[in-house]
Amino acid sequence: MKKNNVVGRNVRRLDAAEKATGTATFSTDFYLPGMLYGKVLRSPYPHARIISIDTTEAERFPGVKAVATYQNTSREIFNTSATMTFTVPALEPVLDQYIFDNIVRYVGDEVAAVAAVSEKVAEEALKLIRVKYEELPTVFDPLEAMEPEAPDIHPSCGAGKNIPGEVVKIPFGDVDKGFKESDVVFEGRFKLPVQKQAQLETQAAVAQVGVDGKITVWSTTQTPHPSRIILANVFGVPESKVRVLNPPYVGGGFGVRIGLSAKAEPIAVALAKLAGKPVKVVYSREEDFIASDTRHGGYVSVKLGAKQDGTFHAMELKGILNTGAYCSFGCETPGVLGAMGLAVYRVPNQSYYGHSVYTNTTPAGAMRGFGNPQAMFAIESAVDMLAEKLEMDPLELRLKNIMQVGDPWCLPYPCQSTGLAECIEKGALSIGWEKRSNLNQPGAKKLKGIGAGVGTHVSNAWPFCVDYDNAYVTVQQDGSIHLAAGVPDIGTGTSTTLPQLAAETLGVGLGEVSLTFADTATTPFDIGSHASRTCYAAGTAVVAAANDARRQILEYAGDFLNVPPERLDIKDSVIYIAGRELGGQCAGTGVCQTGENRNSVSLRELAYHAHLRNKQFIGVGRIVPGNAPPWHAHFAEVEVDTETGQVKVLKIAAAHDVGKAVNPLIVEGQIEGGVLMGVGYATSEEILYDAKGKQLHNSLHKYMLPTAEDAPEIDAIVVEASDPTGPYGAKGVGETGLVPTAGAIANAVYNATGIRFYEIPLTEEKVYKALKQRI
């Protein structure tokens, strides 16, 4: 097997110097001459009709240049999450939002916006807008929202009372028959919290509208090309008149910026159109908490049946999720919950039923893991409880039932690779699984426990959603390489790994490759950075484009060296006859002469030779990706203080089958970041509401986000079960660190205390109360 020169190596990130020195540009840094500053007036009520809105005083306030409301802005309906660009044929996207509306549906909903010469002026002007509201009935729990007497948040919205879109149903085998034939059955319902992404950079956009009507938007979006489509629809202009780009970096995404950044882009554009000047809109941290998408909270029910020998025979999974005031990804997230939940174990009889529900709370949308963490907390808890009923070791039960290559499953693509068994083996060794029954001394006040959780995920959204990629690879006249790809770098290392793939394919050094990315004016269409897809799917397009350019290079070099192209190879930017000693290159940038004695030619020389003969090597990659399941096994060691109820996570052993680690250090960083978010999901993070629908956790001070001091020891274990569909065998990894973590921690807490929790996060209050009730 040919050894890789660039792929698989820990090369330094190409954005490292800019970010380390503080010279990298983010949307919040961006400035244009004459730029104004936009601020948003938000609803104080969870559900109300605007009876009147008077902006006269605000418009007269010195320094104010524009005030936008539902009365003077576009009335084109849309969905901020980009589902209008993602939804596959035969399904209809749920469109339920305007830039501003005369009905507000949660505390924080947009009422109006002001553009002024400074942020302070804009904030003062907001206070001068007079709004009269008629309060409307409210509902905050998804189960209550489906009751007949609940208020209609969006009348005639979908499949049922406050249910947007369609109910997701996944049948597989005969579930009723499966449970009748099962010897042991577990059944339970689990409650999930609302979690926030808490990314470093808040939602932001800078918009400029030219005298010709062309719109340019610099923003924090994870999907520049789909966002351009949405904005073109909202403002009634051709897509060719809209440019969307990152500037070029994004301060974290985690799903909250798929599509529009909580309306920052359309609000900035609307204000720019009214004012005739560029406008910058940057949300405060409080706005980011209360008015940008969260993870879906809700309920997941699991019924799991097995034979006496531990063979799983039937599973029924149900998910009812709280999508908040607007649908966002409320149709897709329940689908991923069901599809991923049913894909981990080999169960001949399975079914899933799930949907989301409108309530008068902050909209829920995409967050790292996208429904999968909700599923796996419930399923992995159920597996452990079934193991106890069967008197089996939980790992033995998992190993007996995990999916294998070629097994039939519910997903619309085959399972062609899995390293899950190896992940379980290596994770168990790291955590010391064999010691879990002898961790505590009698009478100990602090109890230790060890638990496990496993799972799978996707490497992109196809075939569930629209998902395709394009890339250009251009060989410059000096032999250097320029790569153009439409995906952003949201901190995941895209701007390093994609050039690594191009360099490996073309046989050049990484330093020879430059990259243009995340700009609709200079890159071909790409669906964006989400769904753990960037390295896998966009990388596949990059490899295809590089191979196209490579083919052209070798064909030209074949004529140049008077040998068939198939005899040639490229290494270190030199095209050479395989099997012959390198030599005979011309020096400098002059024109080389062909000849039978030439064994090689540098790419620099060949590109310039082609240039003088009116030719350039330009490779194009156009792909619809396959899909490859990444696999993961997490093992948690926890300590529970029985006097305070505090759960301290001591260690997570996180073993991940990533197919091929294109840059192992970046892969480990993604795993570690996902694990820590999973620790927060399991132990501390949640947004609660008061009786009037106001968010109680609206700042980093109030929201219990794990810090560096709370981080456990994390052993990121990379397993490489190469997948034939991925670039050099790679699979997705961006979301996977979060998927099984809560299940592993909850199982560890049970191992420590003997108390099973059906609700997360495992806060001190919940755990202390349960400990006292047991006494």
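# Questions on a predicted model

Colleague: How many Å should the 13 residues of helix 14 span, and how far apart are its end C-alpha atoms?
Modeller: Helix 14 covers residues 494-506, and each residue counts for 1.5 Å. Its 13 residues should therefore span 18 Å. This is a predicted model. In it, the end C-alpha atoms agree with that expectation, at 18 Å apart.

Colleague: Which residue follows helix 14, and what is its phi?
Modeller: The residue that follows helix 14 is Gly-507. Its phi is positive, near 75°.

Colleague: How do helix 10 and helix 11 cross: parallel, perpendicular or oblique?
Modeller: Helix 10 spans residues 332-341 and helix 11 spans residues 372-390. Their axes come within 8 Å and cross at roughly 45°. That angle makes helix 10, relative to helix 11, oblique.

Colleague: Which residues make that contact, and how many are nonpolar, polar and charged?
Modeller: Helix 10 brings Leu-337, Met-340 and Gly-341 to the contact. Helix 11 brings Asn-372, Gln-374, Ala-375, Met-376 and Ile-379. By type, the contact residues are five nonpolar, three polar and no charged.

Colleague: Is His-355 buried or exposed?
Modeller: His-355 sits in strand 17, residues 350-358. Beyond its neighbours within four places in sequence, its contacts include Met-146, Ile-163 and Pro-334. Its relative accessible area is 2%, which means His-355 is buried.

Colleague: How far in space is His-355 from Leu-337, C-alpha to C-alpha?
Modeller: In sequence, His-355 and Leu-337 are 18 residues apart. In space, C-alpha to C-alpha, the distance is 9.8 Å.

Colleague: What is the phi of Ser-328, and is Ser-328 buried or exposed?
Modeller: Most residues other than glycine have a negative phi. Ser-328, in the loop between strand 16 (312-324) and helix 10, has a positive phi of about 50°. Its relative accessible area is 1%, so Ser-328 is buried.

Technical notes:
Residues are numbered from 1 along each chain as its sequence is written. This is a predicted model: local features need pLDDT of at least 70, side-chain atom pairs count only at pLDDT 80 or more; totals for chains, interfaces and linings use all residues. Side-chain values use heavy atoms; hydrogens and water are left out. Helices (H or I, at least four residues) and strands (E, at least two) are DSSP runs, numbered from the N terminus. The expected span of a helix is 1.5 Å times one less than its number of residues. Axes are lines fitted to C-alpha atoms, for helices over the stretch in contact, and angles run from 0 to 180 degrees between N-to-C directions. Angles under 35 degrees count as roughly parallel, over 145 as roughly antiparallel, 65 to 115 as roughly perpendicular and the rest as oblique. Contact means heavy atoms within 4.5 Å. Ala, Val, Leu, Ile, Met, Phe, Trp, Tyr, Cys and Pro count as nonpolar, Asp, Glu, Lys and Arg as charged, and the others, Gly among them, as polar. Buried means under 20% relative accessible area, exposed over 50%, partly exposed in between (1.4 Å probe, protein chains only).
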